[in-house]
Amino acid sequence: MEKLKKIIRDYPDFPKKGIIFKDISPLLADADLFSELIDKVANYSFFKDADAIIAIDARGFIFGSAIAKTVKKPLILARKKNKLPGKLIEKTYGLEYGEDVLSIQDSAITPFNKFVIVDDLLATGGTAKCVIDILSKKEKKILALSVIIELTSLKGAQNINIPTYSEIKY
Ligand code: AMP
């Protein structure tokens with residue numbers, strides 16, 4: 001997937017000084033490459049074995065929904081604070097500066113046991129770990145974390161104890 005590395009743009013010091021932001025917008029605008037990528041990722045056997053896919057707010061929704069449509073599996077949203085109605089399971093997680101909250105609807109996960117988590121990028125792993133903690137609290141099984149980009153120097157995959165699959169590593 002050399003084409004992927006070429007199309008993802010780096011923006012140094014965005015949104016904060018010291019962060020090199022990986023912009024996936026040009027990838028989404030390349031219909032052939034986006035489609036090729038989704039087909040490749042959706043082919044992983046853990047998607048077939050999963051009962052449902054959980055996608056993380058917000059760019060995880062883009063990839064999660066395309067994969068869910070391809071593998072014909074239910075899609076569940078892990079959303080930022082104050083976005084979901086009903087009975088929620090929530091967890092606060094640490095960011096580089098400050099903290100944030102992710103929520104999942106209790107009724108959305110109740111019917112299922114085996115999940116795959118999808119996001120655009122794995123950095124420190126704090127965001128994915130938050131979803132893992134929510135699912136673990138409910139005694140759900142997590143088969144894998146699937147991301148497009150992994151920033152290996154931040155050791156996110158080591159911070160979470162589930163198999164992690166990434167399409168490009170930096
Ligand atoms: P982390 O919790 O540190 O693994 O961060 C992962 C989340 O933050 C993902 O949902 C990404 O969308 C976002 N993120 C973190 N670092 C970057 C980056 N360098 N470029 C783009 N998105 C990032």
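This is a predicted model: local features need pLDDT of at least 70, side-chain atom pairs count only at pLDDT 80 or more; totals for chains, interfaces and linings use all residues.

**Exercise 1. Work out where asparagine 82 and glutamate 139 lie and what phi they have.**

First, a bit of background: most residues other than glycine have a negative phi.

Take asparagine 82. Its phi is positive, about 65°, although it isn't a glycine. Asparagine 82 belongs to the loop between strand 4 (75-80) and strand 5 (88-94). With 71% relative accessibility, asparagine 82 counts as exposed, since the cut-off for exposed is over 50%.

Then go to glutamate 139. Here phi is about 60°, again positive in a residue that is not a glycine. You'll find glutamate 139 in the loop between helix 7 and strand 8 (141-150). At 72% relative accessibility, glutamate 139 is exposed.

**Exercise 2. Describe the shell around the ligand: which residues are closest, and which elements give two or more residues?**

Step one is the head count. The ligand is surrounded by 15 residues, and the closest are Asp119, Asp120, Thr124, Gly125 and Thr127. By type, the shell divides into seven nonpolar, four polar and four charged residues.

Aspartate 120 has a polar side-chain atom 2.8 Å from an oxygen atom of the ligand. For threonine 127, an N or O atom of the side chain is 2.5 Å from a ligand oxygen. Glycine 126 takes part through its backbone, with a polar atom 3.4 Å from an oxygen atom of the ligand.

Step three is the cover. On its own the ligand has 490 Å² of accessible area, and the protein covers 83% of it.

Step four is the elements. Strand 2 (20-23), strand 7 (114-122) and helix 7 (126-137) are the ones that give two or more residues to the shell. Strand 7 has the largest share, with four residues.

**Exercise 3. Follow lysine 114: which element holds it, and is it buried, partly exposed or exposed?**

Lysine 114 is in strand 7. Its relative accessibility is 31%, so lysine 114 counts as partly exposed. To finish, look along the chain: leucine 143 is 29 residues away from lysine 114, yet their C-alpha atoms are separated by 6.6 Å.

**Exercise 4. Classify two aromatic pairs by their geometry.**

The structure holds seven aromatic pairs. One of them is phenylalanine 34 with phenylalanine 63: the centres are 6.0 Å apart, the planes make an angle of 70°, and the pair is edge-to-face. Phenylalanine 34 belongs to helix 3 (residues 31-42) and phenylalanine 63 to helix 5 (residues 59-71), so this pair ties together parts 29 residues apart in sequence.

Now try tyrosine 44 and phenylalanine 46. Their ring centres are 5.1 Å apart and their planes lie at 15°, so this pair is stacked. Phenylalanine 46 is buried, at 8% relative accessible area. Widen the view and you get one aromatic cluster, formed by Tyr44, Phe46, Phe47 and Tyr165.

**Exercise 5. Name two lysines that lie over the ring of tyrosine 170.**

One is lysine 5, whose charged end sits over the ring, 5.1 Å from its centre. The other is lysine 22, which lies over the face of tyrosine 170 at 3.6 Å from the ring centre.

Conventions:
Residues are numbered from 1 along each chain as its sequence is written. Side-chain values use heavy atoms; hydrogens and water are left out. A residue is near a molecule or strand if one of its heavy atoms lies within 4 Å of it. A polar contact is a pair of N or O atoms within 3.5 Å; within protein, one must be able to donate a hydrogen and the other to accept it, and residues adjacent in sequence count only if both atoms are side-chain atoms. Accessible areas come from the Shrake-Rupley method with a 1.4 Å probe; for residues, only the protein chains shown count as cover. Ala, Val, Leu, Ile, Met, Phe, Trp, Tyr, Cys and Pro count as nonpolar, Asp, Glu, Lys and Arg as charged, and the others, Gly among them, as polar. Rings of Phe, Tyr and Trp (its six-membered ring) pair if their centres lie within 6.5 Å; planes under 30 degrees apart count as stacked, over 60 as edge-to-face and the rest as tilted. Buried means under 20% relative accessible area, exposed over 50%, partly exposed in between (1.4 Å probe, protein chains only). A charge sits over a ring if NZ of Lys or CZ of Arg is within 6 Å of the ring centre and within 35 degrees of the ring normal.
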